[in-house]
Amino acid sequence: MSTYLSSEMRLRLLEADDHRCAYCRTTEKNSGQPMVVDHLIPVSLGGITEFENLCFSCRRCNEFKGGNIQAEDPLTGAYVSLFNPREQQWDEHFRWDSTGIHLVGLTAVGRATIVALRMNNQVILSARRRWVSVGWHPPEPYGS
């Protein structure tokens, strides 16, 4: 389903998400596909189309997220809410490994989101390797 956004709302989202996927931080240039609008709380669960419930997402993160708002933390087995870029800070839940290719979850929310959205899937890892090889570096923070 396509979501209509005014040009003002689209610009506000682009600026808020730094022209990147709000989840995996991949750019359109890196993924090779345009960003899509994600409802943090899906319309099917009563989510509405307003800034606080929207973010830009790469197609892969959006498709893997689907209608989910929770996932299992692979470390504890507890079900937790997925990362919400309008309410949480990315760098409190995620970091890049020292290569700048793999995302690492710092919290239960981060770990569950990485697994649920398959943020380290082979397709995106290949794209990140290509970009790192030509000098691209993901946004801070990096791991040690």
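Aspartate 18 is partly exposed, because its relative accessibility is 43% (buried means under 20% relative accessible area, exposed over 50%, and partly exposed in between, with a 1.4 Å probe and protein chains only). The structure is a predicted model, in which local features need pLDDT of at least 70 and side-chain atom pairs count only at pLDDT 80 or more, while totals for chains, interfaces and linings use all residues. Residues are numbered from 1 along each chain as its sequence is written, and side-chain values use heavy atoms, leaving out hydrogens and water.

Which residue does aspartate 18 form a salt bridge with? The partner is arginine 25, with 3.9 Å between the closest N and O atoms; a salt bridge here is a side-chain nitrogen of Lys or Arg within 4 Å of a carboxyl oxygen of Asp or Glu. Arginine 25 counts as buried, because its relative accessibility is 15%. Salt bridges link Asp18, Arg20 and Arg25 in a network.

For reference, helices (H or I, at least four residues) and strands (E, at least two) are DSSP runs, numbered from the N terminus.

Another salt bridge brings the side chains of aspartate 73 and arginine 111 to 2.8 Å, N to O. Aspartate 73 is in the loop between β3 (70-72) and β4 (79-81) and arginine 111 is in helix α5, so the pair ties together parts that are 38 residues apart in sequence. Aspartate 73 counts as buried, because its relative accessibility is 0%.

## Core and helix α5

The largest nonpolar core has 29 residues; such a core is a set of buried Ala, Val, Leu, Ile, Met, Phe, Trp, Tyr and Cys residues joined through side-chain atoms within 4.5 Å. The elements α1 (7-16), β2, β5 (94-96) and α5 (108-116) each supply at least two residues of this core. Leu103 is among the residues with the most contacts inside the core, along with others including Tyr23, Cys61 and Met119. Leaving aside neighbours within four places in sequence, leucine 103 is in contact (heavy atoms within 4.5 Å) with residues including Cys24, Trp90, Trp96, Ile114 and Arg128.

In α5, the buried residues include Val109, Ala112 and Ile114. The cover over the buried residues of α5 includes β3, β4, α4 (90-93), β5 and β6 (103-105). Just after α5, arginine 118 takes a positive phi of about 50°.

Proline 42 sits in the loop between β1 (36-39) and β2 (54-57). Is proline 42 buried or exposed? Proline 42 counts as buried, because its relative accessibility is 8%. Not counting residues up to four places away in sequence, proline 42 touches Gly47, Gly66, Gly67 and Ile69.

Isoleucine 69 belongs to the loop between α3 and β3 and is partly exposed, because its relative accessibility is 38%. Together, Ile41, Leu45 and Ile69 form a nonpolar patch on the surface with about 250 Å² of accessible area. Patches are made of residues with over 30% relative accessible area and no salt bridge, with like charges joined within 9 Å and nonpolar side chains (Val, Leu, Ile, Met, Phe, Trp, Tyr) within 5 Å; accessible areas come from the Shrake-Rupley method with a 1.4 Å probe, and for residues only the protein chains shown count as cover.
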